[in-house]
Amino acid sequence: MTTSIHITALDGIINVNSLFTLAVFLGLAWNPSDPNNSLITDPTCAASSSIVENLIAYHVYSFSSFLFSSLLALALKQALRIAKTSHFSAHFNHLPEFFAHINKDVIRVGMLVSGVGSVCGCVFLMLALINVVQFKLGTLACGSGHSFAAVVPLVIFVSTALLVYVCTVLYAFTR
């Protein structure tokens, strides 16, 4: 029962990371140097080159976080399946035993680290999206109402969802 719960949780991490990795790839494919890609009418509100540099950097950080988390989750999932197979094969003498024992604490810590990787990926993706908004609608320092209207709900909703996710992971980790 516990193994199927762990595998289901790892599947969830892998699936969500896959969707976010696709979003990061789409973000990296976008060309921020295209002058027709902005809705800014006031040139003083245009994003500086450092915002564009941060946009690319946050996309790369996000991608690496999601990739790290997914690969770790896949490795843990494979280890659990091998352990389940070895437990099954121990009852039948003609089947080879692949893996003797998996430390549950290592699995729990691995799942926690994989969750941290997903959270970091989400934070970096949110920061990249904030920079996209600043590039397209005007910088936050300029006081663009459209930028604030886009960024405030993004920060509130993503932060709330991440808080719920972190609390749930920590609760599962302590049980």
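1. A salt bridge is a side-chain nitrogen of Lys or Arg within 4 Å of a carboxyl oxygen of Asp or Glu, and the structure holds two of them. The model is a predicted one, in which local features need pLDDT of at least 70 and side-chain atom pairs count only at pLDDT 80 or more, while totals for chains, interfaces and linings use all residues. Residues are numbered from 1 along each chain as its sequence is written, and side-chain values use heavy atoms, with hydrogens and water left out.

2. Helices here are DSSP runs (H or I, at least four residues), numbered from the N terminus. Lys 77 counts as buried at 14% relative accessibility, whereas Asp 11 is partly exposed at 25%; buried means under 20% relative accessible area, exposed over 50%, and partly exposed in between (1.4 Å probe, protein chains only).

3. The other salt bridge, between the side chains of Asp 105 and Arg 108, has an N to O distance of 3.6 Å. Because Asp 105 and Arg 108 are three residues apart in helix α3, about one helical turn separates them.

4. Ser 62, placed in helix α2, is buried, with a relative accessible area of 0%. A polar atom of the Ser 62 side chain lies 3.0 Å from the backbone oxygen of Gly 121.

Definitions and conventions. Helices (H or I, at least four residues) and strands (E, at least two) are DSSP runs, numbered from the N terminus. A polar contact is a pair of N or O atoms within 3.5 Å; within protein, one must be able to donate a hydrogen and the other to accept it, and residues adjacent in sequence count only if both atoms are side-chain atoms.
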